Amino acid sequence: SASAPPTEATAPKVPATAPPPGPKGAFGVQVGAFGSAPNSEAAKKRLESMGYSVALVRSGNATKVIARGFSDRASAERALQSIRAGGYPAAFVLPLE
């Protein structure tokens, strides 16, 4: 309202020290990029059965399957070991935007 001090209107809603918003986490583990929808869906279902949140990301003619929700690289690296042991030896950690 017009009676509010101008500092209230310009004050940030979140403290400057707060981490940037990222409900899904800052890191992911890409398990593969598949050219066929059934293969990417199968990998997604398998990862979900292992307890991971999974995103399918279209990239050209392939669909990347990414386990996500890791707040830092260390937690993504721990998941990477489990995912590799679960049948995805070429999986790797990547930062998410």
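What relative accessible area does Arg73 have?

Modeller: Arg73 has a relative accessible area of 39%, so it counts as partly exposed; buried means under 20% relative accessible area, exposed over 50% and partly exposed in between, with a 1.4 Å probe and protein chains only. This is a predicted model, in which local features need pLDDT of at least 70, side-chain atom pairs count only at pLDDT 80 or more, and totals for chains, interfaces and linings use all residues. Residues are numbered from 1 along each chain as its sequence is written, and side-chain values use heavy atoms, leaving out hydrogens and water.

The mean pLDDT (the predictor's confidence in each residue, from 0 to 100) of the chain is 83, and 74% of the residues reach 70 or more.

Arg73 forms a salt bridge with Glu77, and the closest N and O atoms are 3.9 Å apart. The term denotes a side-chain nitrogen of Lys or Arg within 4 Å of a carboxyl oxygen of Asp or Glu. Because Glu77 and Arg73 are 4 residues apart in helix α3, about one helical turn separates them. Helices (H or I, at least four residues) and strands (E, at least two) are DSSP runs, numbered from the N terminus. Glu77 is also partly exposed, since its relative accessible area is 32%.

Glu48 pairs with Lys44, with the closest N and O atoms 2.8 Å apart; both lie in α2, 4 residues apart, about one turn of the helix. Lys45 forms a salt bridge with Glu41, at 3.6 Å between the closest N and O atoms. At 54% relative accessible area, Lys45 is exposed, whereas Glu41, at 34% relative accessibility, counts as partly exposed. Side chains of opposite charge can pair when their charged atoms come close.

The largest nonpolar core has 17 residues, of which Val29, Leu47, Tyr52, Phe70 and Ile83 touch the most other members. The elements giving two or more residues to this core are β1, α2 (37-49), β3 and α3 (73-85), and α3 gives the most, with 4 residues. Such a core is a set of buried Ala, Val, Leu, Ile, Met, Phe, Trp, Tyr and Cys residues joined through side-chain atoms within 4.5 Å. Leaving aside neighbours within four places in sequence, Tyr52 is in contact with Leu47, Ala67, Phe70, Ala79, Ser82 and Ile83.

The strands complete the picture. Strand β1 (residues 27-34) has 6 of its 8 residues buried, so it is largely enclosed by the rest of the structure. β1 pairs in the antiparallel sense with strand β3 (residues 62-70) over 7 bridges, where pairing requires that DSSP finds at least two bridges between the strands. Phe27 stands opposite Phe70 in β3, and its bridge partner in β4 is Pro95. β1 and strand β4 (residues 92-95) run antiparallel and are joined by 4 bridges. Strand β2 (residues 53-59) is likewise antiparallel to β3, with 7 bridges.

Technical notes. Contact means heavy atoms within 4.5 Å.
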